[in-house]
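Colleague: I am new to this model. Could you show me how to read its features, one by one?

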Amino acid sequence: MRKDVRILLVGEPKVGKTSLIMSLVSEEFPTVVPYRAEEITIPADVTPERVPTHIVDYSEAEQTDEQLFQEISKANVICIVYSVNNKTSIEKVTSHWLPLINDNTDKDSRVPLILVGNKSDLVEHSSMETILPIMNRHSEIETCVECSAKNLKNISELFYYAQKAVLHPTGPLYCPEKKNMKLLCIKALTRIFKVSDLDNDGILNDNELNFFQRTSFNIPLESQALEDVKNVVRKNLNEGVRDNGLTLKGFLFLHTLFIQRGRHETTWTVLRRFGYDDDLELNQDYLFPPLKLPPDCTTELNHNAYLFLQSVFDKHDKDRDCALSPEEMKDLFDVFPYMPWGPDVHNTVCTNDQGWITYQGYLSQWTLTTYLDVQRCLEYMGYLGYSIVAEQESQAAGVTVTRDKKIDLQKKQTQRSVFRCNVFGDVGSGKSGFLQAFLGRNLMRQNTINEEQRSYYAISTTYVYGQEKYLLLHEVFPDFDYLSDDDLACDIVCLVYDTSNPYSFEYCAKVFKQYFMDSKIPCMMMAAKSDLPEIKQIYGCTPLDFCRKHKMPPPQSFTCNTTAVPSKDIYTKLTTMAMYPHVSKADLKSSTFWLRTSVGATVFAVLGFAMYRVLLKQR
């Protein structure tokens, strides 16, 4: 909502503009009236809307046209004052003032106008019969009011209406000519309905209506009040209530009724609570709350955020198959202004046999977004209404900023849950196959992937000593001379070479020696395509000798050319090395160390699957 309101009074001389201002301030009719009142500011604590209000007078005798135009451009609302006992001043409203104001304001953002009939104490009749047709022809006119500066009739109301026209304008919400809500308003209220429909059954039941009421106005509705609301809708709209719940059509009808009855502030209160600005766009402050991210720290979702995202998945997984069909995915993202996930996402996270993103894949993609682009994550969670549904101050409350990695190294332990592995290798070395195998796809299934939908990221979960962790694999483009800081920033490096290509290992050796030999980032050598006959690498030493010389674990054999799902042991090893970079090189070469890790991973993967099935039955 605006931080202040600027009201300008214009009109013909002697209609009582200055008297209206002075009567408001002194609460009595002035005996001596100057040509023009000085600008006054009414403090926020004495205005109904709690917003500071500036009231500006205009005098033809003291001001030039240029000064008038400047005041018009600065005004948030303009009151055109006429005298109810002076026909000429009424005619001037349409012949002079409306064209003048329209010529000096932006056509795309018309300033709201209020027609003010002063000196009602001098006549017994009303001017409304003459004024209402003018109001109907000009949509920028918010309302009209008759008042008297002399006997103080409707003076406070006049300035309240002016303030209300700025803070709760009709223009963005409603089209008087068509007598219906505008499309942007319908779009915004539809999103609000969907966010409030916590079980996604297309109706707001009593609990959801109470949640909506409490969220918007900080007070619950009594049972009788709920029934009264539904009865009003039932009486006027056949499809407004279903199964004793409010449908989207009924919800939109209610807000149309509020606006038609002059209660715009009700609809505006709801819109602003759900993040909308005066143009019915989601506010940037709402979508992008402040979040401080120091260097060498990463961003992860916390427990509350995962619970929220799980509830969003659950309410859209209509067939309870723990995967999102294209229709379910479209429904989930219907509250977004655009589709946030492209086709490459299906090759970034786990999917089922039909290629639909699974529950695990869905959470993995959110984890990836949070890690790589936390601002985008905040925006997405804003569209879903995280701060409202989870009753948090903002989306930032769902994000954990991890501590500096240097502190993790000093303390020899980490509390992080997401670890990044950058995968290096020459063209054709098997990097893409290595990423896809992490998602459970063997070579046969990988061959069905559309090259245009290829992803350079893969993320899923692994288990290290009973702890579930996310491993994020990033395939680095093999341009040796142009490696960016982002290419080098990671928790572990995986160097992939093709055992059947004699020139493949040389690239890995060069990358290691130039970029990682003196760094503290652990590295692992991957002997890919191990199902093919091994050919001697044309290099100064064998890969095994190279690893011994640089105190790395021996090259790990890997293939995704399997009939079953490729083994995940290697990914567990990578995650373990990323979690414990301080572990001595001797330990990393110990078979006992890796045996403990692998057994732990297998046990907890089985337990995790069992628990998941139990939760699924409960759902």
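Modeller: Start with burial. Buried means under 20% relative accessible area, exposed means over 50%, and partly exposed lies in between, with a 1.4 Å probe and protein chains only. Phe 505 has 0% relative accessibility, so it counts as buried. Tyr 539, at 27% relative accessibility, counts as partly exposed. Two notes on the source. This is a predicted model: local features need pLDDT of at least 70, side-chain atom pairs count only at pLDDT 80 or more, and totals for chains, interfaces and linings use all residues. Residues are numbered from 1 along each chain as its sequence is written, and side-chain values use heavy atoms, with hydrogens and water left out.

Colleague: In what order do the six strands of the open sheet run?

Modeller: The general idea comes first. Strands of a sheet pair through backbone hydrogen bonds, either parallel or antiparallel. Here two strands pair if DSSP finds at least two bridges between them. The order is E17-E18-E16-E19-E20-E21, and the pairing is mixed. Strand E17 (457–464) and strand E21 (556–557) are the edge strands, each pairing on one side only.

Colleague: How many bridges join E19 to strand E16, and how many to strand E20?

Modeller: E16 (residues 418–425) pairs with E19 in the parallel sense over five bridges. Cys 421 has Ile 492 of E19 as its bridge partner. E19 and E20 (residues 523–528) are also parallel, over six bridges. There, Val 496 stands opposite Met 526 in E20. From E19 the chain crosses through helix H21 (residues 504–516) to E20, and this β-α-β crossover is right-handed. The term right-handed means that, with the strands pointing away from the viewer, the path from the first strand over the helix to the second runs clockwise.

Colleague: What about E16 and strand E18?

Modeller: E16 and E18 (residues 467–475) pair in the parallel sense over six bridges. Val 423 stands opposite Glu 475 in E18. H21 packs on this sheet, touching E16, E19 and E20. Contact means heavy atoms within 4.5 Å. The direction of H21 makes about 155° with that of E19. Axes are lines fitted to C-alpha atoms, for helices over the stretch in contact, and angles run from 0 to 180 degrees between N-to-C directions.

Colleague: How many aromatic pairs does a search of the whole structure find?

Modeller: Rings of Phe, Tyr and Trp (its six-membered ring) pair if their centres lie within 6.5 Å; planes under 30 degrees apart count as stacked, over 60 as edge-to-face and the rest as tilted. The search finds 29 pairs. Trp 366 and Tyr 380 have ring centres 6.2 Å apart and planes at 90°, so they are edge-to-face. Trp 366 lies in helix H14 (residues 359–372) and Tyr 380 in helix H15 (residues 374–384), so the pair ties together parts 14 residues apart in sequence. Both residues are buried. Phe 505 and Tyr 539 have centres 5.5 Å apart and planes at 80°, so this pair is edge-to-face. Phe 505 lies in H21 and Tyr 539 in the loop between E20 and helix H22 (543–549), so parts 34 residues apart in sequence are tied together.

Colleague: Is Asp 243 buried or exposed?

Modeller: Asp 243 has 65% relative accessibility, so it counts as exposed. Its backbone deserves a look too. Most residues other than glycine have a negative phi. Asp 243 has a positive phi of about 50° although it is not a glycine.

Key: Helices (H or I, at least four residues) and strands (E, at least two) are DSSP runs, numbered from the N terminus.
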